[in-house]
Amino acid sequence: MTDAITQALAEVGPRLKRVRTQRRVTLADLSAATGISKSTLSRLESGQRKPSLELLLPIAQAHQVPLDELVGAPEVGDPRVRLTARRIPRHNGAAMTVLPLTRQPGAPQAFKMILEPETGEPDPQVHEGYEWLYVLSGRLRLVLADRDLTLGPGEAAEFDTRLPHWFGAVDGRPAEILSLFGKQGERLHLRAKSRPR
């Protein structure tokens, strides 16, 4: 056991007594409410009896407090991911805001992107990898090899990035997408409508 857990267990008894006395509840009253004998409750409070869930759950319920308040559970690490968005210029004065959603190196990498609308012709690029796109809002134009597609909210595309590709917002409004980029892929699955020519 870690020192923090050992310390928390050692403090359970005094904490149980403090909670009970702050509420002006006698051992007899708590015994009646929980079905646990007075002697067992007394031994728990003095540290002569090890706390168990069978004993602590009814006590927490009787006092109407969360179990972790009775045991003083050590805090766990903060699960929030705090990442910084970057604004990346694109051609024709437009830009995209990129928020990485993964921190660990390697594949796959996840990003949330907000693409500003662009003017001018697409400039398809190629590079190693495999990409999956999902449109959250707005409309996304995807030029992939000889295909020209428009994706709306809820539509997705995945493709091998060795194919010439470009994507950007259309209709003069930003598009918000999720992007997963990873190792080389082999197949192409698209759920989108072909763009009228």
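This is a predicted model: local features need pLDDT of at least 70, side-chain atom pairs count only at pLDDT 80 or more; totals for chains, interfaces and linings use all residues.

Visitor: Which residues have the most contacts inside the largest nonpolar core?
Guide: In soluble globular proteins, nonpolar side chains tend to be buried together. A nonpolar core is a set of buried Ala, Val, Leu, Ile, Met, Phe, Trp, Tyr and Cys residues joined through side-chain atoms within 4.5 Å. Buried means under 20% relative accessible area, exposed means over 50%, and partly exposed lies in between (1.4 Å probe, protein chains only). Here the largest core has 18 residues, and Leu140, Leu142, Phe167 and Ile177 have the most contacts inside it. At least two core residues come from each of strand 2 (95-100), strand 3 (109-115), strand 4 (130-137), strand 5 (140-144), strand 6 (147-151), strand 7 (156-160), strand 8 (165-169) and strand 9 (175-182). Strands are DSSP runs (E, at least two residues), numbered from the N terminus. A second, separate core has 14 residues, among them Ile36, Leu55, Ile59 and Val65.

Visitor: How many residues of strand 7 are buried?
Guide: Five of the five are buried, and strand 7 is thus described as mostly covered. Ala156, Glu158 and Asp160 point one way from the strand, whereas Ala157 and Phe159 point the other way. Strand 7 pairs with strand 4 in the antiparallel sense over five bridges; two strands pair if DSSP finds at least two bridges between them. Within this pairing, Leu133 has Ala157 as its bridge partner.

Visitor: Why is strand 8 described as largely enclosed by the rest of the structure?
Guide: Strand 8 is described in this way because five of its five residues are buried. His165, Phe167 and Ala169 point one way, and Trp166 and Gly168 point the other. The antiparallel pairing of strand 8 with strand 5 runs over five bridges, with Val143 opposite Trp166.

Visitor: Which residue lies over the face of Phe167?
Guide: That residue is Arg90, at 5.9 Å from the ring centre. A charge sits over a ring if NZ of Lys or CZ of Arg is within 6 Å of the ring centre and within 35 degrees of the ring normal.

Visitor: How many aromatic pairs does a search of the whole structure find?
Guide: A pair of aromatic rings is described by the distance of the centres and the angle of the planes. Rings of Phe, Tyr and Trp (its six-membered ring) pair if their centres lie within 6.5 Å; planes under 30 degrees apart count as stacked, over 60 as edge-to-face and the rest as tilted. The search finds one pair. Trp132 and Tyr134 are stacked, at 6.0 Å centre to centre with 10 degrees between the planes. Trp132 is partly exposed at 29% relative accessibility, and Tyr134 is partly exposed at 27%.

Visitor: How many salt bridges does the structure hold?
Guide: Side chains of opposite charge can pair when their charged atoms come close. A salt bridge is a side-chain nitrogen of Lys or Arg within 4 Å of a carboxyl oxygen of Asp or Glu. The structure holds eight. One of them joins Lys112 and Glu176 at 2.7 Å, N to O. This pair links distant parts of the chain, with Lys112 in strand 3 and Glu176 in strand 9, 64 residues apart. Lys112 is partly exposed, at 28% relative accessibility. Another salt bridge joins Asp148 and Arg141 at 2.6 Å, and both of these residues are buried. In the salt bridge of Arg15 with Glu11, the closest N and O atoms are 3.5 Å apart; Arg15 is buried at 14%, whereas Glu11 is partly exposed at 33%.

Visitor: Which backbone oxygen does the side chain of Thr161 reach at 2.8 Å?
Guide: A polar contact is a pair of N or O atoms within 3.5 Å; within protein, one must be able to donate a hydrogen and the other to accept it, and residues adjacent in sequence count only if both atoms are side-chain atoms. The oxygen in question belongs to Gly129. A polar atom of the Thr161 side chain also lies 3.3 Å from the backbone oxygen of Glu128. Thr161 is in the loop between strand 7 and strand 8 and is buried, at 0% relative accessibility.

Conventions. Residues are numbered from 1 along each chain as its sequence is written. Side-chain values use heavy atoms; hydrogens and water are left out. Helices (H or I, at least four residues) and strands (E, at least two) are DSSP runs, numbered from the N terminus.
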